[in-house]
Each structure stands twice: as structure tokens, then as C-alpha cells.
Amino acid sequence: LYIIRFNHLFYGLCLILYTIFILIYIFSHDFNPNFSLSIGGFHVSNIGSMIAVNFPAIVVVYLFFNNQRRVKFLYIALILLSLLVLYYTHSRASILGVIVSSFFIIVYYLKIGNERKSQIIPILLLLVMFIAIFIGKKFFQSDVFNTGSLIARKSIWETYIERVLNHSILFGFGSNSEFFNTFLPIHYLSENILQDLRYYFSNFQANPHAHNLYIQFFYNYGLFGLLVLTGIIFCTFALLAKKIIRKEMNLYEILAYTVMSSIFFQEIFDYTMLDAMTYFPTAFALGIISRYSLQLNSFQNLKSFSIVNIKIIYALQFFIAIFISMIGFNLCVSEKVKILFKNEFTIDNFSNLKFKNSSSFTESKLKTFRKLDSMYLPINLDDKKEQFSGQVYLEAYRISNDKKDLELAEKNFQKCILIFPNSAVCYKKLEEIELLKENPDAANGYNKKYKENDPFNLVN
């Protein structure tokens, strides 16, 4: 309970901060609550997710763990501030999570026949007022339910699913693929889906976000990952049903399950599980469920590892540590390269990298870059690194006409293709290089590859 109260203290300070920002915006007449994407620099989706996770926990603590009148008033204030800030985030997914978890808490509170039923009246009134104001004003007087991203969401979901089914059904595209890959064929997508996607690219200038935890998991980890996630959810709520039937529910478990219900419903229309303010309370809730659901003596019959097995584990840990250290070293070198060219290049959401002014490529700067580029360890995991180095060498060639720079640029872009065979950006750069080398046939071949892998014409 002390950990929960400490978390609520931090959460309350965040709410006060967001409320101050909202008041400043309102009084300065510089805030559109229907379409603003941030409050004081904090993204509204992240704020909404934080509220979706913490709101049910606050309601549970207010109803079941507080006897002092002063503390109850503080929690009522937290509930009021949560709904106020949630209103200005216009996060539909978080509102769904809050409503579902609140319904679960209220039903349970009434079911156990608690004598102090008057405690629930302030929460019911605040929730009813919030829903009425949000749905009434926003539905009839704004387009918050009719934004381009919401219209296109069904098409985005279908595209994510089709990408996995046609290209990587078992294990997906990997954990680093937050957005779906636009550099892949689109012949299996319907014209309506393509029209929605083009609308999204045109208006938001970014790759579409899945806005769905389960589809995102399917995209990142394929069928294997989706089965693992749905298995966790099914086991968690099957255990909940079992405890409700047997009336074995602990109050801490009630708190945990309300948090889980809020986040799992909220994530149907969002994907913020990995944000720290969402992840840690979710992990804590799962920990509470595990604490009260598993008995330590159920593991007593497990045999201890033999010495041979322990040596194998140590060896694996050693090699993993070396591998992670090598990756970390490459990341440090990459960061130094970016700092070297700080404020001299731009890169958009579609990997279009451009240097602002080639004249900034002084001899000393290029010498430092070449030294840093030679320090990279031979771990080919990141096509963006190869793309960046290739672009630097290509810019250097345009200044000095040194064929060695052109060869190095070509080598890096070829590595980029090796790591990511569908990189339309790198195919386009290889086309440029072949034109500089006066090889029109090879340039045409790369041009064909570039256009095949850029069906939405996003590369420039």
C-alpha cells in the first residue's frame, strides 16, 4: 500500500502540472482542446494512458483503503483532476479504459454489500457528468470523433495484418518496427485501403501507428508473439473469473485487476504499453496477481541445476554481454557521428535524409568522420547507420570528386540493402551513384527497384 500511495503522490503532482498548463493555454487563448497533440510538451496519448492506469487504482484506494475524511477528500480531488485532464487529452482509448475499469469497481463494490455505499455517490456523479459533457459537447460541436486518423484506422489495421500474413507470419518484423513498413508491395491491398493510407500520408506526413496493442504485437512478433500475449490475458482473466466464483478475491487483487482491465481495453485503440508511466503500474499489477495466485511450495519439487547446466548458462551470459557491449559501442560511435554533423542535416519520417549545406563539410570534419566510421564493429544490424554514412560519403564526393568517397558511399548503401532489402531510399541513392559513374543500365535497374519498393511515392 505504501508503494501505491507513493505512486499516487507522484501521479497527483503530474496532474497538477498538466492542469496548470491547461489553465495557461485557456487564459492565453492559445489552445484547441479538440486537436492539440500535447499539453505542456507532453503527448496527450501518454497522459491519457497514465490516467487510464492510475484512475482505477485511485478509485479502489478511495473506496476500500481510506478511513480518514481528509485523505478521502484528497482522493476525490485526484479523481476530479484526472477527469479534467483526461477531457483535454481527448484520448478516446483512455476514456474507454477508465469507463470499463470504473464499471468493474462499482459492480464489485455493490456486490460485496458494503454498508458505506454513500462513498460511491461522488464517483458516480463525476463519471456521469464527465461522460455527458464529453459525448455531448465533443460529439455535437467538434470533429473529435471524425478525425482522419480515426477514419483510416480500420484500413491501417487491415494493412498491418496483411503485411504480416504476406511477409512474416511466424515471428513478425521485430521489436524495433513500431510503424508498418511502407517499402513493401501493395498489390494485395484494396483500393479503399490505399486511398485511406494516401490520405494519412498526405495529412500526417508520417507512417501510420497501429493504435492497437494486439495488432502491433502481431506485427512485431508474428503469430508466436500474439499467442503469448493473448495467453497471458486469457490466463489472467480466467483466474479472475475463478476467484469471483469462489469469492476468494483479495482487495489488492481487486486493485490489480482493475488496472489490468483498464489498460487491456484502452490498448484496443492505442499502443502505449511500453511507455514507462503505463508499463510499471501494469507490471506491478501483474506482480500482485502473481503474489496472491501462486504458492511458493508449488516450486519445491523442481530439481536444482547441475554444475554443467550452470556453466552453460554462464557461457551464454558471457557471450550475450559481449554482444550487447559491441552493439553499445557502435551506438556510441553513431551518436558521435550525429553530433559531428549536428544541425547540418534533416531526416523525415520516411527516412529521407538531406544535408542542408555541403560547404559545411570541412576537411577536418571529414577526417574526423572517416576515423569514426572506421571504428564501427562488424555488426550489421542497423540500415540507418549505413544510409547515414553512405550519404556523408556521397556529399564528400560531390565536393572533392574523390572516387574513393564514391566507392565508400556505394559500399555503405549496398550494406543498407543487405540489411534491409526493401529500402527504397538506398536503392534511389545507388541509382544516383550509377548515374555519376555514367552507368545508365545499372541506374535503370536500381530505379526499377526503388519504385517497386516505394509504392506510395514517399521517397524524394
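Visitor: Which residue meets Lys385 in a salt bridge?

Guide: This is a predicted model, in which local features need pLDDT of at least 70, side-chain atom pairs count only at pLDDT 80 or more, and totals for chains, interfaces and linings use all residues. Residues are numbered from 1 along each chain as its sequence is written, and side-chain values use heavy atoms, with hydrogens and water left out. A salt bridge is a side-chain nitrogen of Lys or Arg within 4 Å of a carboxyl oxygen of Asp or Glu. The side chain of Lys385 meets that condition at 3.3 Å, N to O, and its partner is Glu386.

Visitor: Is Lys385 buried or exposed?

Guide: Lys385 is found in helix 13, residues 383-400; helices (H or I, at least four residues) and strands (E, at least two) are DSSP runs, numbered from the N terminus. A residue is buried under 20% relative accessible area, exposed over 50% and partly exposed in between, with a 1.4 Å probe and protein chains only. Because its relative accessible area is 13%, Lys385 is buried.

Visitor: How many salt bridges does the count come to?

Guide: Side chains of opposite charge can pair when their charged atoms come close. By the rule for salt bridges, the count comes to seven.

Visitor: Which residue in helix 15 is paired with Arg398 of helix 13?

Guide: The side chain of Arg398 takes part in a salt bridge of 2.9 Å, N to O, with Glu432. This pair links distant parts of the chain, 34 residues apart, with Arg398 in helix 13 and its partner in helix 15 (residues 424-436). Arg398 is partly exposed because its relative accessibility is 41%.

Visitor: Where does Asn401 lie?

Guide: Asn401 has a phi near 60°, a positive value in a residue other than glycine. Its relative accessible area is 57%, so Asn401 is exposed. Its place is the loop between helix 13 and helix 14 (403-419).

Visitor: Is Glu438 buried or exposed?

Guide: Glu438 is found in the loop between helix 15 and helix 16. Its phi is near 60°, a positive value in a residue other than glycine. Because its relative accessibility is 68%, Glu438 counts as exposed.

Visitor: How many Å separate the C-alpha atoms of Gly445 and Tyr427?

Guide: Gly445 lies in helix 16, residues 440-452. With 36% relative accessibility, Gly445 counts as partly exposed. Gly445 and Tyr427 are 18 residues apart along the chain, and the separation of their C-alpha atoms is 9.3 Å.

Visitor: What distance does helix 8 span between its end C-alpha atoms?

Guide: The expected span of a helix is 1.5 Å times one less than its number of residues. For the 34 residues of helix 8 (residues 213-246), a straight helix would span 50 Å. There is a kink of about 135° in helix 8, centred on Tyr221, the bend at a residue being the angle between axes fitted to the seven residues ending there and the seven starting there. Between its end C-alpha atoms, helix 8 spans only 31 Å.

Visitor: Which residue caps the N-terminal end of helix 8?

Guide: Just after helix 8, Lys247 takes a positive phi of about 55°. At the N-terminal end, a side-chain oxygen lies 2.9 Å from the backbone nitrogen of Tyr214, and the capping residue is Asn212.

Visitor: Which helix gives the largest share of the nonpolar patch?

Guide: A nonpolar surface patch of about 870 Å² has among its residues Leu165, Phe171, Leu223 and Ile232. Patches are made of residues with over 30% relative accessible area and no salt bridge, like charges being joined within 9 Å and nonpolar side chains (Val, Leu, Ile, Met, Phe, Trp, Tyr) within 5 Å. Phe171 is found in the loop between helix 6 (148-167) and helix 7 (191-204). The largest share of the patch, five residues, comes from helix 8.

Note on methods
A polar contact is a pair of N or O atoms within 3.5 Å; within protein, one must be able to donate a hydrogen and the other to accept it, and residues adjacent in sequence count only if both atoms are side-chain atoms. Accessible areas come from the Shrake-Rupley method with a 1.4 Å probe; for residues, only the protein chains shown count as cover.
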